[in-house]
Amino acid sequence: MTQDELKRAVGVAALAHVVEDSIVGVGTGSTANHFIDALASMKGRIRGAVASSVASAARLAGHGITVLDLNDVSEMPVYVDGADEIDANLCMIKGGGGALTREKIVAAVAKKFVCIADASKLVDTLGRFPLPVEVIPMAREHVMREMVKLGGKPVLRAGFVTDNGNIVLDVAGLAIVDPPALEAAINQVAGVVTAGLFARRGADVLLLGTPQGVRTIRRP
Ligand code: 5RP
């Protein structure tokens with residue numbers, strides 16, 4: 001099976017976690033796109049969706065799925081999204097698509113985070129994938145210096161602006177042995193909007209696409 005077929009399989013498998021007559025939180029990226037396409041098959045059985053990016057909102061709307069503003073939603077049983085890396089504790093690196101801040105906000109409202117990922121995303125230690133950090137533009141150099149102090153090698157994501165009008169630094173070289181501690185440390189740096197570490201609020205369930213089928217892994 002190709003990586004895209006594995007992504008599609010987990011996108012379809014995530015439908016089993018969607019609660020009927022509820023509002024669904026929807027992530028961003030190629031795996032989340034497969035989920036959105038699958039969700040179209042049950043659009044008559046959900047009240048609508050909250051999107052974590054402009055791109056996902058457009059894809060949902062293209063399928064005729066009602067897209068709601070998060071501020072109009074007080075209850076969301078499930079949020080479904082991909083990841084760039086995920087470990088056995090279901091801590092994740094996210095933000096390869098640059099939607100990390102809105103993803104973290106929508107995930108914070110949801111009761112359950114269902115991560116959908118192909119098998120290549122499961123790692124022993126987070127950090128081989130450069131950690132995305134969304135930054136207020138005027139703080140770029142300051143945050144870069146702080147990332148170097150933490151042992152990282154930050155690189156500006158060239159030509160990229162987030163849906164919130166900010167920049168993204170991709171920080172390589174971090175062996176992330178204590179994800180919640182590093183998430184807190186980076187989030188405290190002035191000028192950082194969000195670290196793409198999802199550890200304090202990790203996933204509750206991982207649907208992992210493997211050539212043998214979709215494995216369900218729950219947070220220990
Ligand atoms: C976007 C994300 C994505 O979930 C992450 O980049 C995985 O993307 P893909 O499903 O395309 O592999 O965090 O900001």
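In this predicted model, strand E12 is joined to strand E13, which spans residues 213-218, by six bridges, and the two run antiparallel. E12 and E13 form a hairpin, with two residues lying between them. Within this pairing, leucine 206 has isoleucine 217 of E13 as its bridge partner.

E12 also pairs with strand E6 (residues 110-118), here in the parallel sense and over five bridges. In that pairing, isoleucine 116 stands opposite leucine 207 of E12. In general, the strands of a sheet pair through backbone hydrogen bonds, and they may do so either parallel or antiparallel.

How many of the six residues of strand E12 are buried? Six of the six residues in E12 (residues 205-210) are buried, so the strand is largely enclosed by the rest of the structure. Val205, Leu207 and Gly209 point one way from E12, whereas Leu206, Leu208 and Thr210 point the other way, and all are buried.

Another sheet is open and consists of three strands in the order E4-E5-E11, with antiparallel pairing. Strand E4 (85-86) and strand E11 (197-198) stand at its edges, and because each has a single partner strand, one side of each is left without a neighbour in the sheet. Strand E5, covering residues 92-93, is joined to E11 by two bridges, and isoleucine 93 has leucine 197 of E11 as its bridge partner.

Leucine 197 is also among the residues touched by lysine 104, together with Glu183, Asn187, Thr194, Ala195 and Phe198, when residues up to four places away in sequence are not counted. Lysine 104 lies in helix H4, which covers residues 100-109. Is lysine 104 buried or exposed? Its relative accessibility is 18%, and because buried means under 20%, lysine 104 counts as buried. From C-alpha to C-alpha, lysine 104 and valine 123 are 21 Å apart in space, while in sequence they are 19 residues apart.

The ligand has 17 residues around it, of which Ser30, Thr31, Asp84, Gly95 and Lys121 come nearest. The residues of this shell divide into two nonpolar, nine polar and six charged.

| Residue | Protein atom | Distance to a ligand oxygen atom |
|---|---|---|
| Lysine 94 | N or O atom in the side chain | 2.9 Å |
| Glycine 95 | polar backbone atom | 2.8 Å |
| Glutamate 103 | N or O atom in the side chain | 3.0 Å |

Taken alone, the ligand exposes 380 Å², and the protein buries 91% of that area.

Definitions and conventions:
Residues are numbered from 1 along each chain as its sequence is written. This is a predicted model: local features need pLDDT of at least 70, side-chain atom pairs count only at pLDDT 80 or more; totals for chains, interfaces and linings use all residues. Side-chain values use heavy atoms; hydrogens and water are left out. A residue is near a molecule or strand if one of its heavy atoms lies within 4 Å of it. A polar contact is a pair of N or O atoms within 3.5 Å; within protein, one must be able to donate a hydrogen and the other to accept it, and residues adjacent in sequence count only if both atoms are side-chain atoms. Accessible areas come from the Shrake-Rupley method with a 1.4 Å probe; for residues, only the protein chains shown count as cover. Ala, Val, Leu, Ile, Met, Phe, Trp, Tyr, Cys and Pro count as nonpolar, Asp, Glu, Lys and Arg as charged, and the others, Gly among them, as polar. Helices (H or I, at least four residues) and strands (E, at least two) are DSSP runs, numbered from the N terminus. Buried means under 20% relative accessible area, exposed over 50%, partly exposed in between (1.4 Å probe, protein chains only). Contact means heavy atoms within 4.5 Å. Two strands pair if DSSP finds at least two bridges between them.
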